[in-house]
Structures are given as structure tokens and as C-alpha cells.
Amino acid sequence: MKMPNTKSVLLIDDSKFARLLVKAFISSNFANWEIDEAEDGAKALQMVDAKTYDYMLVDFNMPGMDGLELGEKLRARFPGAVIALLTANIQQEIQKKAENLGLDFIAKPPTEDKIRDYIMSREATR
């Protein structure tokens with residue numbers, strides 16, 4: 001199901017493969033959405049200075065700043081944005097911290113169904 005309105009997504013993951021995979025899943029379901037990529041938190045923070053994103057998907061394990069630190073910074077700057085921690089680290093403690101910061105949680109590995117269903121559910125509540 002294609003949605004006509006253009007949205008912007010920022011994928012933040014130190015794995016190029018993970019970014020390519022998630023980008024492909026989003027593109028195949030939301031053809032006209034803009035998808036930008038950052039390989040770490042510092043780059044992501046530079047990018048959000050120049051552009052506002054509707055969705056930000058943040059990996060947890062990254063060099064420098066982890067996904068929770070970055071998520072906290074992004075949430076403070078963009079209280080209304082949809083920000084999800086996308087990670088293989090599914091410990092309850094990590095999920096709880098994400099929830100306390102107002103971040104959604106998506107467990108890796110990402111699948112097309114998981115990413116599409118997540119975005120569709122968030123679109124329905126926006």
C-alpha cells in the first residue's frame with residue numbers, strides 16, 4: 001500500500017548493510033519517502049541541524065554515542081518526532097530505558113513486515 005504524502009526518514013546505524021536493508025524495506029512500501037543515512041550519532045546530530053525528519057530509526061550499539069544517548073538528544077530536540085531504537089539488544093533494561101525516553105522499540109533483525117507494520121501503525125496515529 002503506497003502512501004501519497006512524502007515523509008522523511010533518518011536511518012542511524014554503523015552497519016552499512018543494516019541501513020541498506022531497512023532503506024530497501026521502506027522504499028518498497030513508501031516509494032516517494034526521502035531516506036537519509038548516518039553511520040553514527042555525531043553525523044546524525046549534524047544532519048538534524050539541517051533538516052527535520054518524520055521518522056528516525058536508531059541503532060543501539062554504535063561507536064561513540066549509543067542509541068539511547070542519541071535518542072535522548074533527538075527526543076529533547078524533536079518532541080513530536082517518531083523515534084525508534086532498532087536493535088538486536090533486546091534486554092528488558094534497554095527496552096525500559098527506550099520507553100522512558102519516549103522511544104519506540106523494534107527488535108533486529110529488521111524484516112520488511114516488521115518495518116512496514118511499524119510505520120503503518122505510527123502513520124495511523126499521527
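This is a predicted model: local features need pLDDT of at least 70, side-chain atom pairs count only at pLDDT 80 or more; totals for chains, interfaces and linings use all residues.
**Cores**

The largest nonpolar core holds 23 residues. Within this core, the members that touch the most others are Leu10, Ile12, Val48, Met56, Val58, Leu70 and Leu74. Two or more residues each come from strands E1 (8-12), E3 (55-58) and E4 (82-87), and from helices H2 (41-50), H3 (67-77) and H4 (92-100). Helix H2 supplies the largest share, four residues.

Leu10 can be followed in detail. Leaving aside residues up to four places away in sequence, Leu10 touches Asp36, Glu37, Ala38, Ala44, Met47, Val48, Tyr53, Tyr55, Met56 and Leu57. Among these contacts, Val48 and Met56 also belong to the group in the core with the most contacts to other members.

A second core is separate and has 17 residues, including Ile26, Phe30, Ile35 and Tyr118.

| Core | Residues in core | Named members |
|---|---|---|
| Largest | 23 residues | Leu10, Ile12, Val48, Met56, Val58, Leu70 and Leu74, among others |

**Helix H3**

Buried residues in H3 are Gly67, Leu68, Leu70, Gly71, Leu74 and Arg75. Because these residues cover an arc of only 155° around the axis, they are on the same side of H3. The buried residues of H3 pack against strands E1, E3 and E4 and helices H2 and H4. Two of the buried residues, Leu70 and Leu74, are also among the members of the largest core that touch the most others.

**Cavity**

How many cavities of 30 Å³ or more does a search of the whole structure find? The search finds one. The volume of the largest cavity is about 60 Å³. Its lining consists of Leu11, Ile12, Asp13, Ala18, Arg19, Val22, Leu57, Val58, Asp59 and Leu86. By class, the lining has seven nonpolar residues, three charged and no polar.

Strand E1, helix H1 (16-29) and strand E3 each give two or more residues to this lining. H1 gives the most, with three residues. Ile12 and Val58 line the cavity and are also in the group of the largest core that touches the most other members.

**Cis peptide bond**

Lys108 and Pro109 are joined by a cis peptide bond, with omega about 5°. Pro109 lies in the loop between strand E5 (104-107) and helix H5 (112-124).

Terms used. Residues are numbered from 1 along each chain as its sequence is written. Side-chain values use heavy atoms; hydrogens and water are left out. A nonpolar core is a set of buried Ala, Val, Leu, Ile, Met, Phe, Trp, Tyr and Cys residues joined through side-chain atoms within 4.5 Å. Buried means under 20% relative accessible area, exposed over 50%, partly exposed in between (1.4 Å probe, protein chains only). Contact means heavy atoms within 4.5 Å. On a 1 Å grid over the protein atoms alone, a cavity is a set of points where a 1.4 Å probe fits but cannot get out, and a pocket is an open set with protein on both sides within 12 Å along at least five of seven lines; lining residues have an atom within 4 Å of a point. Grid points are joined across faces, edges and corners, and a volume is the space filled by probe spheres set on the points. Ala, Val, Leu, Ile, Met, Phe, Trp, Tyr, Cys and Pro count as nonpolar, Asp, Glu, Lys and Arg as charged, and the others, Gly among them, as polar. The arc is that of the directions from the helix axis to the C-beta atoms.
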